[in-house]
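Here is a short briefing to read alongside the model. Have a look at the structure first, then come back for the details.

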Amino acid sequence: MMGTVCSGCGVFVLRSGAESMEEEFMWEEYLEETGATAAPHTIFRHVEVSLQSSFQPGMKLEVASKSSPETYWVATIITTCGQLLLLRYSGYGDDRRADFWCDVMTAELHPVGWCAQNHKTLTPPEAIREKYSDWTEFLVQDLTGSRTAPANLLEGPLRGKNTVDLIVAGSVLELQNLSDPLLYWPVRVIQNIGGRLRLRPVGLSERHRAQDTWLFYLDVRLRPLGWALENRLTLEPPTELRPLLSDRDWQQALQNAQADGQKDAVPLEVFKDHADLPRHAFRTGMKLEMVSPWEQLLIRPVSVTKVYSDTYFQVTLDDLCAEAAPLSAVCHANSPGILPVQWCLKNGVALERPRGYEGPDFDWADYLKQSGSEAAPDACFPDTGHTRGFAEDMWLEAVNPARPEEVCVARVSRVRGRLLWLRLEGVLQPQSECIVDVESMDIFPVGWCEANSYPLTPPLRPVCQKQKKIAVGRIAELPRAVGPGKCSLVLKELLSMLINAAYKPGRVLKELQQLQEPGWDSQEETLKAKYKGKTYRSTVRIVRLAEQIPDFCRKVCVKLQCCPNLLGPDLRADSCPENCSVQTKTKYTYYYGKKRRLPKAVGGDEAKPARRRRKRKAIFVQKKRRSSNMDYTAAGSPQVRGTSSSVEEDGQLVLDRNPLGWSVDEVVQFINSTDCASLANIFKEQDIDGQALLLLTLPTVQECMDLKLGPAIKLCHQIERVKVAFYKQFA
């Protein structure tokens, strides 16, 4: 039996069918190839907050007793993990031995006071019943000053949702006017992308989508419906939008929004993490430096021209030209981009002189003296030297200020104090650079777009071409013939060569694992793939009869979406009969895969099929694992033997014994059976047993294991599956 390699094959780059440069961009590979560093996910405070549960540690609720479903007792939330709550009954104090997990979606949980309203009995657990003689007095003291879990998070459509998920399309909020902080207007949520909201003023329709605003839900300009009237502020549409509708239509839109307020209003729990703005100390006439809101990459002198309140003030761009129209912006004490006088000089940054300023060099002392004004004191500004851990050449994802709907691959090109100079890699000049504050809510960690199924604009020249050349080289280095020998042995050797010639051998092995036909006379063979110091093993079915070899080889090529002549029983010439080096993978998918008809162009030539974006699943979505024998074991390390600690039934995890009793090796064995196998060594190194596993949360995983956002979320969802199974089977 002979196996051959098509020397003309130039399309064997395994990308799961990706056919465009944009689809081929992967952060992990890009960072690896360029040797770049991703900005730590923990320094993006707004993203960290958005991942938190709506339930907070310390909240009180009433829980149905396990021993007697008709009785209830008060419990305190100790920690959260997704929809799971770790609870402790009141009266146990600091004793954690009786802590238990509850699934918000299935357990009978109620806000404090529910039992009294529904004539239910509050009875302490039997184990501590004798601890206090007067439990009524104890509860009064225990509940004084505490916060109950909100009723709408324990029942109804919002039950169990994270804070950011409480904001659904169609919800209504109030948005502060950009040019007047005392004016508000209701806006409707059109999209919620991981907390980044696309908002449209009520009264406007899809044809006015150009007027939509993008803001992160924690932005101080956003308030709950009814907030303006409660604070004696004015509801008016923005001046620039008023010509779009008549006054009557605007008023009707406002009345409709207020009438539907109970149904469409965003729950108040969404605003629990909104920061309260401190009082400012600016006075009219003070001067300062500011990153220009009207020009990219420029820092200019500005003056305080109006003080609205002890929270808001207005600055106006200094312009000495008589005919200049004033450019003003509303600010507060924490506004990003406001800087004290001489900040640019001290940080080696160019300060643009005011328009119309005469003189070869701009000098603040002379300028203040000539204008008879004073510089705003340094105490007026937030900490201008706080970098939050950002450094030059770190990579992240950032909003394109010229197109707010677009999020791009970005690199930190410069750090000065709390300001970051970003290079937007997928954007053409001159809009490819911008300045943002370290607290900006328009920057996100690597993987944020993928986690939220949102398109990411990749670099203009990704490193995919380099990867393709590497793959072609590996293919060309394979021998032109394998064998002769026993059919199954020759095919096994051939597939092993093919696997380890791939850019990502583990992915090829996973594809071949699914290769089987009902009519084949086949046997199981264990194949290995080595990648990044790890060995992947899987069982693959290989045919045993010579007459089945052509069909088997063709099925392998179809499964890997490569040239149909890459391997087979017939020796091929140096030139591929399919001319595969200039063809796309789509051609082979159509011809040799599903046998779909190719469209014909005018004149009879084949037309290339329209490219479609491959929709990626969010990385935090729990995928149902295929049943397989594939294990993930570090090269050179012994495999974990013995029975598996878990199985899957209908997509649900079923444990064969209580995870509280798992050893460190059993925890490692479980992690190895998931898509987080690459993290198994961390559990071994940090000596994490079953009890420690059940206490892990997203913050502790990020802090202790130093993981990026994407892997941390994936790992926490595997831990959450164990917690759900533990609660259902053993708790």
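Predicted model: local features only at pLDDT ≥ 70, side-chain atom pairs only at ≥ 80, totals over all residues.

Residues are numbered from 1 along each chain as its sequence is written, and side-chain values use heavy atoms, with hydrogens and water left out.

**The whole chain**
- The protein chain has 21 helices and 28 strands (DSSP runs numbered from the N terminus: H or I of at least four residues for helices, E of at least two for strands).
- Of its 731 residues, 50% are buried (under 20% relative accessible area, with a 1.4 Å probe and protein chains only).
- Looking at contacts (heavy atoms within 4.5 Å) between residues at least 6 apart in sequence, 63% join residues at least 24 apart.

**Strands β21 and β22**
- Strand β21 (residues 419-424) pairs with β22 in the antiparallel sense, over five bridges (pairing takes at least two DSSP bridges).
- W421 has I435 in β22 as its bridge partner.
- Strand β22 (residues 433-437) is largely enclosed by the rest of the structure, because four of its five residues are buried.

**Residue E525**
- You will find E525 in strand β24 (residues 522-531).
- E525 counts as buried because its relative accessibility is 13%.
- Beyond its neighbours within four places in sequence, E525 is in contact with S488, K492, S538, T539, V540 and I542.
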